[in-house]
Amino acid sequence: MADIVKDEILAQEETDKAIAKEAELQAAGGKAEDDKAHPVVLETRGVTIQFGGLTAVDHASIKVRKGLITALIGPNGAGKTTLFNAVSGVYIPTSGEVLLNGEHLEGKRGFQINEAGISRTYQVINLFRSMTVLENVMVGMHTRLKSNFWSDLFNSKKKREEDAEAREKAFEWLKFVGLDEYANSPAGSLSYGKQRLLEIVRGLASDPQVILLDEPAAGMNSTEKLELDALLKQILNMGYTILIVEHDMKLIMNISDYIYVLYHGALLAEGTPEEIQANPDVIAAYLGGEDDVI
Ligand SMILES: Nc1ncnc2c1ncn2[C@@H]1O[C@H](COP(=O)(O)OP(=O)(O)OP(=O)(O)O)[C@@H](O)[C@H]1O
Ligand SMILES: [Mg+2]
């Protein structure tokens, strides 16, 4: 009798092993598929940023995959904006690397990084408030415009044609986010939520390889947040790649493909929304802070 039980246990163990092996193979296959369909576009490797004695970002390594929404979350002061600033050229990392399609960005200036294919929005809205809504989008397009200093100087036909085309394209972007009726109003006259949308389309107007969004839902009401959720998915469907920092956990868990959690400058966890929600370290970090509990 005991032998039969033992045989059954052994048989069960064999089955479990076979199932585990199968799952492992599937995961490996899944990963290979992921690499192919969603290759890494942007990567930080061991990025550290110090301000005097304070280490704001501590050896942070993240990967942003093409055509996906990657999120960076963490309590206030975790270093999220500072990492964005290192990627977009506001700060030069104290150490570590920032790579866009394998090309080193660390040490480059903001405009060079923008030209290389990274655009961003800001936690504190950063629009040209007295310029019109349309002009703000056109500013975002300047890296894609071809005329140069000489054609500008002589206001050549090429320049005029390009301006007209840029205006038309900028208007299309405004239509896309429902801001076309405000095209000729000063950007500063828009509501807070609409200014955030304008920042997003200004970022998209340069046709970036990756757009970084720093708390796009901040200051939005619940209807605007729902619209933002739909808009981000639409942007993704257009083929764009998004790296987002956001405190609104409902939005993050709903839209993100992959999440990195920063805590006191260092990476605490990474994974799918389901994995992050179930991670005890993440729950403890958020319960200990003032942010929304996941
Ligand atoms: N220019 C700076 N000089 C000195 N310290 C700074 C500077 N910028 C950020 N810090 C500090 O670095 C740390 C990380 O700040 P950061 O703004 O990156 O956090 P965050 O994760 O974006 O927070 P929040 O969710 O509140 O926006 C904080 O302690 C902050 O005070
Ligand atoms: Mg921030």
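Student: Before we start, when do two strands pair?
Tutor: Two strands pair if DSSP finds at least two bridges between them. Keep in mind too that this is a predicted model.

Student: Okay! Which strands form a hairpin?
Tutor: S1 and S2 do, with 2 residues between them. In that turn, Gly52 has a positive phi of about 60°.

Student: And how many bridges are there between S1 and S2?
Tutor: There are 8, and the two strands pair in the antiparallel sense. S1 covers residues 40-51, while S2 covers 54-65.

Student: Which residue stands opposite Leu54?
Tutor: That would be Phe51.

Student: What order do the strands of that open sheet take?
Tutor: The order is S2-S1-S4-S5, 4 strands with antiparallel pairing. S2 and S5 (103-104) have a single partner strand each, so one side of each is left without a neighbour in the sheet.

Student: What packs on that sheet?
Tutor: Helix H2 does, touching S1, S2 and S4. The direction of H2 makes about 115° with that of S1.

Student: How many bridges join S1 to S4?
Tutor: S1 is joined to S4 (residues 95-100) by 5 bridges, and the two run antiparallel. In one of these pairs, Thr44 has Val98 in S4 as its bridge partner.

Student: Now the other sheet. What is the order of its 6 strands?
Tutor: This open sheet runs S6-S7-S8-S3-S9-S10, and its pairing is mixed. At the edges you find S6 (118-120) and S10 (266-271), each pairing on one side only. On average, neighbouring strands of this sheet are turned by 20° against each other, direction ignored.

Student: What packs on this one?
Tutor: Helix H2 packs on this sheet, touching S3 (69-73), S6, S7 (210-214), S8 (242-245) and S9. Its direction makes about 150° with that of S7.

Student: Do S9 and S10 run parallel or antiparallel?
Tutor: Antiparallel: S9 (residues 258-263) and S10 pair that way over 5 bridges. Within that pair, Tyr263 stands opposite Ala266 in S10.

Student: Switching topic: which residues are around ligand 1?
Tutor: They are Phe51, Leu54, Ala56, Gly74, Asn76, Gly77, Ala78, Gly79, Lys80, Thr81, Thr82 and Gln123.

Student: How many of the shell residues are nonpolar, polar or charged?
Tutor: The shell has 4 nonpolar residues, 7 polar ones and 1 charged one.

Student: Let's look at helices. At what angle do H4 and H7 pack?
Tutor: About 35°, with their axes 7 Å apart. H4 spans residues 133-141 and H7 spans residues 192-204. Their crossing is right-handed.

Student: Which residues make the contact?
Tutor: From H4 come Val133, Asn136, Val137, Val139 and Gly140, and from H7 come Leu198, Val201, Arg202 and Gly203.

Student: Why is H4 largely enclosed by the rest of the structure?
Tutor: Because 7 of its 9 residues are buried. Those are Val133, Leu134, Asn136, Val137, Met138, Gly140 and Met141. Part of what covers them is H6 (157-176) and H7.

Student: I clicked on Leu204. Is it buried or exposed?
Tutor: Leu204 is buried, because 21 other C-beta atoms lie within 10 Å, and the cut-off for buried is 20 or more. Leu204 lies in helix H7.

Student: What is Leu204 in contact with?
Tutor: Leaving aside neighbours within four places in sequence, Leu204 is in contact with Trp173, Ile211, Ile235 and Tyr240.

Student: And how many residues apart in sequence are Leu204 and Ser119?
Tutor: They are 85 residues apart in sequence, and in space they are 7.4 Å apart, C-alpha to C-alpha.

Student: Last one, on the whole protein. How many helices and strands are there?
Tutor: The protein has 11 helices and 10 strands. Of its 294 residues, 33% count as buried. Among contacts between residues at least 6 apart in sequence, 67% join residues at least 24 apart.

Definitions and conventions: Residues numbered from 1 in each chain as written. Chains lettered and ligands numbered in written order. Predicted model: local features only at pLDDT ≥ 70, side-chain atom pairs only at ≥ 80, totals over all residues. Near = placed C-beta within 6 Å. Nonpolar A, V, L, I, M, F, W, Y, C, P; charged D, E, K, R; others polar. Axes fitted to C-alpha atoms, helices over the stretch in contact; angles between N-to-C directions. Contact = placed C-beta atoms within 7 Å. Left-handed = near helix turned anticlockwise from the far one by under 90°. Buried ≥ 20, exposed ≤ 12 C-beta atoms within 10 Å, placed from the backbone.
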